[in-house]
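The sequence and coordinates are shown first, and the text follows.

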Amino acid sequence: MKYIIIGLGNFGASLAQRLTKAGNEVIGVDNKMSKVEAQKENITHTVCLDCTDPQAVSYLPLKDTDVVIICIGENEGANIMATALMKRLKVKRLIGRAVSALHEGILEAMGVEEFVHPEDETAERWAKKLNLKGVIDSFEVEGNYSIIEANVPKKYEGKSLLELNLGKNFNVLVLTTIKITEQKNLVGIKRKVRKAQGVATSETILNKGEIIVLYGNVKNIEKLLAED
């Protein structure tokens with residue numbers, strides 16, 4: 001996977017380092033040379049440029065990049081401008097950083113659907129989310145064991161947990177499923193709202209568009225989520 005991380009503060013630099021260590025190609029971008037120099041040995045590539053400047057951004061390989069993550073936190077204006085520019089350039093997948101509810105509402109109005117909240121989330125957690133296919137969120141419990149939220153794989157849609165027998169086949173426990181609905185946010189833009197469906201039982205059906213919450217060894221969960 002190829003990533004561009006814009007903003008090499010504490011969170012952005014840590015995320016870029018972890019994604020690089022996981023074998024991804026990462027370009028770390030910041031407008032401060034001191035931050036770029038500090039990370040040049042830790043990230044695949046580092047670049048010093050202003051991501052609010054369309055001409056400067058044209059030098060980035062955006063068309064060949066799988067995910068662009070805006071990690072600017074010190075300057076909301078620069079964050080919004082960089083985000084708007086990435087939306088205009090139609091990057092494949094854009095993840096924004098929101099520093100307040102209002103800020104998140106503005107980014108949602110611009111069409112951003114995924115957000116990092118460094119005040120509440122760790123770079124390690126996000127690195128795991130980005131590296132595992134279909135994963136929406138993850139919480140490390142101990143060692144290699146995690147609780148992971150993922151999209152219901154297509155091959156499991158419409159089937160019950162009794163039919164799938166995931167515990168026996170993968171040694172993974174299904175804790176619950178989450179249904180996604182929509183409601184309007186502070187600025188009147190529709191946003192997705194999650195609602196847990198209670199403790200999963202053998203009769204629980206895995207429906208298209210829902211989220212499945214899994215507990216187990218990360219390698220086993222990765223096998224469960226892998227495509228046929």
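Glu-74 is exposed, with a relative accessible area of 65%; the classes used throughout are buried (under 20% relative accessible area), exposed (over 50%) and partly exposed (in between), computed with a 1.4 Å probe on protein chains only. The model is predicted: local features need pLDDT of at least 70, side-chain atom pairs count only at pLDDT 80 or more, and totals for chains, interfaces and linings use all residues. Residues are numbered from 1 along each chain as its sequence is written, and side-chain values use heavy atoms, with hydrogens and water left out.

Glu-74 forms a salt bridge with Lys-35, and their closest N and O atoms are 3.5 Å apart. A salt bridge here is a side-chain nitrogen of Lys or Arg within 4 Å of a carboxyl oxygen of Asp or Glu. The pair links distant parts of the chain, 39 residues apart: Lys-35 is in helix α2 (residues 33-39) and Glu-74 in the loop between β4 and α4. Helices (H or I, at least four residues) and strands (E, at least two) are DSSP runs, numbered from the N terminus. Lys-32 joins Lys-35 and Glu-74 in a network of salt bridges.

## Other salt bridges

The whole structure contains 4 salt bridges. One of them joins the side chains of Glu-37 and Lys-40, at 3.0 Å from N to O. Both residues are partly exposed, Glu-37 at 40% relative accessibility and Lys-40 at 44%.

Another connects Glu-114 with Arg-93, where the closest N and O atoms are 2.7 Å apart. Glu-114 belongs to strand β6 (residues 114-116) and Arg-93 to the loop between α4 and β5, so this pair ties together parts that are 21 residues apart in sequence. Glu-114 is partly exposed, with a relative accessible area of 27%, and Arg-93 is partly exposed at 29%.

## A buried aspartate

Which strand holds Asp-30? Asp-30 lies in β2 (residues 25-30). Asp-30 is buried yet has no salt bridge, and the nearest side chain of opposite charge, Lys-35, is 4.4 Å away. In this charge count Lys and Arg are positive and Asp and Glu negative, while His and the chain ends are not counted.

A polar atom of the Asp-30 side chain lies 2.9 Å from the backbone nitrogen of Lys-32. A polar contact is a pair of N or O atoms within 3.5 Å; within protein, one must be able to donate a hydrogen and the other to accept it, and residues adjacent in sequence count only if both atoms are side-chain atoms. Leaving aside residues up to four places away in sequence, Asp-30 touches Gly-7, Leu-8, Gly-9, Lys-35, Val-36, Val-47, Cys-48 and Leu-49, a contact being heavy atoms within 4.5 Å.

## Helix α4

Helix α4 covers residues 76-88; at 1.5 Å a residue its 13 residues should span 18 Å, and the end C-alpha atoms are 18 Å apart, which agrees. The expected span is 1.5 Å times one less than the number of residues. Ala-78, Asn-79, Ala-82, Thr-83, Leu-85 and Met-86 are buried in α4. Viewed down the helix axis, the buried residues of α4 fall within an arc of 160 degrees, so they line one face; the arc is taken over the directions from the helix axis to the C-beta atoms. They pack against β1 (2-6), α3 (54-57), β4 (67-70), β5 (94-97) and α5 (101-109).

Asn-75 caps the N-terminal end of α4, with a side-chain oxygen 3.0 Å from the backbone nitrogen of Gly-77. Just after α4, Lys-90 takes a positive phi of about 55 degrees. Lys-90 is in the loop between α4 and β5 and is exposed at 70% relative accessibility.

## Other loops and the whole chain

Asn-165 also has a positive phi, about 50 degrees, although it is not a glycine. Asn-165 lies in the loop between α7 (161-164) and α8 (166-170) and is partly exposed, with a relative accessible area of 35%. Most residues other than glycine have a negative phi.

The chain has 9 helices and 13 strands, and buried residues make up 44% of its 228 residues. Among contacts between residues at least 6 apart in sequence, 56% join residues at least 24 apart.
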